[in-house]
Amino acid sequence: MDRGAQYNLRTVEEVYGDFKGRRAGLIKALTTDVGDFYEQCDPEKENLCLYGYPNEQWEVNLPAEEVPPELPEPALGINFARDGMQEKDWLSLVAVHSDAWLLAVSFYFGSRFGFDKADRKRLFTMINDLPTIFEIVTGSAKKQAKDKSSVSNHSSNKSKSSSKARGSEPAKFSKSMQPKDEEEGLGEEDEDEEEHGETLCGACGENYASDEFWICCDICEKWFHGKCVKITPVRAEHIKQYKCPSCSNKRARP
């Protein structure tokens with residue numbers, strides 16, 4: 001891919017959009033495409049970097065030859081540590097460095113295009129509202145969402161158990177919600193949003209929405225947008241035990 005593209009990101013919203021696109025690509029590499037990513041990071045190769053692009057794609061490649069490079073560079077040599085660590089620890093390490101790189105790129109743009117103090121603060125606030133790649137890869141984003149839900153339920157003295165959102169679901173698949181009539185339909189939808197609103201997709205890190213199809217991995221128990229793992233409601237009906245791409249890859253690798 002062309003890392004030498006000309007950028008013209010003049011507003012906070014444009015830089016944030018660039019951040020989200022790159023972030024989505026990196027999350028894809030470390031979750032749904034983890035098998036392909038793992039294979040590309042051969043320790044026998046030269047220093048490799050993991051790049052995320054605004055179009056939500058990722059690439060493992062050699063660092064830029066330009067000195068200094070047009071943009072800040074990702075961590076160098078991520079492939080060298082692959083076989084010397086547990087896979088989950090290695091992926092977590094790459095995730096941490098990817099988070100740092102994303103911030104560096106965004107604030108590089110902020111500095112380059114003259115963002116003032118208020119703009120930089122607003123950009124950081126928008127970025128900080130999203131879970132980090134590290135939190136998504138390690139599953140801590142899911143834990144934080146659960147803890148937040150538990151505190152919220154306790155403080156409001158609700159009778160429902162704080163674990164109801166995850167522990168007592170009657171079905172594995174959260175199907176796309178159909179439009180409902182009358183007050184009963186609206187009430188059920190509000191309750192669904194309340195119970196699952198803090199759930200995050202294990203692939204893209206975005207929040208649950210009742211109008212989208214979701215599926216839960218039977219191995220790691222993470223939830224995913226159907227579109228993120230390429231599973232449709234019709235296909236899901238024929239799956240007895242669903243394994244997300246990450247768990248499937250772990251089982252297949254010798």
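## Basis and overall composition

This is a predicted model, in which local features need pLDDT of at least 70 and side-chain atom pairs count only at pLDDT 80 or more, while totals for chains, interfaces and linings use all residues. Residues are numbered from 1 along each chain as its sequence is written, and side-chain values use heavy atoms, with hydrogens and water left out.

The secondary structure of the protein chain comes to 10 helices and 5 strands, where helices (H or I, at least four residues) and strands (E, at least two) are DSSP runs numbered from the N terminus. Of the 254 residues in the chain, 41% are buried; here buried means under 20% relative accessible area, exposed over 50%, and partly exposed in between, with a 1.4 Å probe and protein chains only. The accessible surface is about 14,300 Å², and 50% of this area belongs to carbon and sulfur atoms, as computed by the Shrake-Rupley method with a 1.4 Å probe. Among contacts (heavy atoms within 4.5 Å) with a separation of 6 or more, 66% are between residues 24 or more positions apart.

## Nonpolar cores

In soluble globular proteins, nonpolar side chains tend to be buried together. A nonpolar core is taken here as a set of buried Ala, Val, Leu, Ile, Met, Phe, Trp, Tyr and Cys residues joined through side-chain atoms within 4.5 Å. The largest such core has 38 residues, and Leu30, Phe37, Leu50 and Ile133 are the ones that touch the most other members. Two or more residues are given to this core by each of α1 (12–30), α2 (34–40), β1 (49–52), β2 (58–61), α3 (87–112), α4 (117–128) and α5 (133–138). A second, separate core holds 17 residues, including Ile215, Ile231, Ala236 and Cys247.

When neighbours within four places in sequence are left aside, Ile133 is in contact with Arg23, Leu26, Ile27, Leu30, Ala95, Ser98, Asp99 and Leu102.

Trp101, in helix α3, counts as buried because its relative accessibility is 5%. Leaving aside neighbours within four places in sequence, Trp101 is in contact with Arg22, Leu26, Tyr51, Gly52, Pro72, Glu73 and Pro74. Trp101 and Arg23 are 78 residues apart in sequence, with their C-alpha atoms 9.9 Å apart in space.

## Residues in loops

Glu56, in the loop between β1 and β2, has a positive phi of about 70° although it is not a glycine, and its relative accessibility of 41% makes it partly exposed. Glu221, in the loop between β4 (214–216) and β5 (223–225), likewise has a positive phi, near 65°, and is partly exposed at 49% relative accessibility.

Asn79 lies in the loop between β2 and α3 and is buried, at 0% relative accessibility. Beyond its neighbours within four places in sequence, Asn79 is in contact with Cys41, Asp42, Pro43, Lys45, Glu46, Asn47 and Leu48.
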